[in-house]
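I opened my notebook to look around a protein chain, one feature at a time. Here is the structure I had on screen.

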Amino acid sequence: MALGVGLLASVPAIAKQSDRNEQIHVDSTSFDGTQQQPNGKEPGKVIWTGNVVLTQGTMKVTGNKATGYLDGDNQLTRVIVEGNAHIQQQDEQNLWMRGNADTIDYKADQDFAVLTGHAHVEKEVDPADRKKLNQSNGDKLTYNTANSTMTGESNGSAPVHMIFQPKQQQPAAAPAAPAAQPKKP
């Protein structure tokens, strides 16, 4: 069963566009890697282990181990994060999306992250109350890092589950005061 949905408030949320122009930084306890060789058919690859933290602007992906794939220009195009994997990113309204799963497959060159295994994503919906969150759970959640849309699916017995916050009701307007009657002469 698949479900497509944008975890958005009443105004469409767009992921922080400036993030896409930022450098990708990766920190870890150790790494082992090779660059793609000229005319090579296999991509370059880097394996980071221990407290892996990948950042690009407001986006942050963390986990115990990450495997990064490099293109022919040795640019990072994909990172698979395993073990206690988390992702977070702000949108243009400075509201946060946060997610966690057993594995996060972040495809930087294609603007999406696939969260698999006990996947959970929550999205802030109210800048005045950061505790109001729309939430999704499933076996697999795919988050578009460019436009903050998401799809989810369940492959087991547990369904995809979502929680939406109610729209804030505006207080009823007070009745208008009666117009003053002109005085009789």
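**Entry 1: ground rules.** I am reading a predicted model, where local features need pLDDT of at least 70 and side-chain atom pairs count only at pLDDT 80 or more, while totals for chains, interfaces and linings use all residues. I number residues from 1 along each chain as its sequence is written, and side-chain values use heavy atoms, with hydrogens and water left out.

**Entry 2: the fold.** How many helices and strands does the protein chain have? I found zero helices and 11 strands. Both kinds of element are DSSP runs numbered from the N terminus: helices are H or I with at least four residues, strands are E with at least two. Along the sequence, the pattern reads β-β-β-β-β-β-β-β-β-β-β.

**Entry 3: surface and contacts.** I looked up burial next: of the 185 residues in the protein chain, 37% are buried. Buried means under 20% relative accessible area, exposed over 50%, and partly exposed in between, with a 1.4 Å probe and protein chains only. The accessible surface is about 11100 Å², and carbon and sulfur atoms hold 50% of that. Accessible areas come from the Shrake-Rupley method with a 1.4 Å probe, and for residues only the protein chains shown count as cover. For contacts (heavy atoms within 4.5 Å), I took those with a separation of 6 or more, and 50% of them join residues 24 or more positions apart.

**Entry 4: the core.** The largest nonpolar core has 25 residues, and Val81, Ile87, Ile104 and Leu115 have the most contacts inside it. Such a core is a set of buried Ala, Val, Leu, Ile, Met, Phe, Trp, Tyr and Cys residues joined through side-chain atoms within 4.5 Å. Which element gives the most to this core? E6 does, with five residues. I also noted a general point: in soluble globular proteins, nonpolar side chains tend to be buried together. I then followed Leu115: beyond its neighbours within four places in sequence, its contacts include Ile87, Ile104, His120, Val121 and Leu141.

Entry 5: Of its 18 lining residues, Arg20, Ile24, Gln56, Leu76 and Ala108 are the closest to its centre. Strands E5 (59–70) and E6 (76–90) are the elements that give two or more residues to the lining. By type, the lining divides into six nonpolar, six polar and six charged residues.
- On a 1 Å grid over the protein atoms alone, a pocket is an open set of points where a 1.4 Å probe fits, with protein on both sides within 12 Å along at least five of seven lines; lining residues have an atom within 4 Å of a point.
- Ala, Val, Leu, Ile, Met, Phe, Trp, Tyr, Cys and Pro count as nonpolar, Asp, Glu, Lys and Arg as charged, and the others, Gly among them, as polar.

Asn51, in strand E4, has a positive phi near 50 degrees, and Asn84, in strand E6, has a positive phi near 55 degrees. Most residues other than glycine have a negative phi. Asn51 is exposed at 60%, and Asn84 is exposed at 53%.
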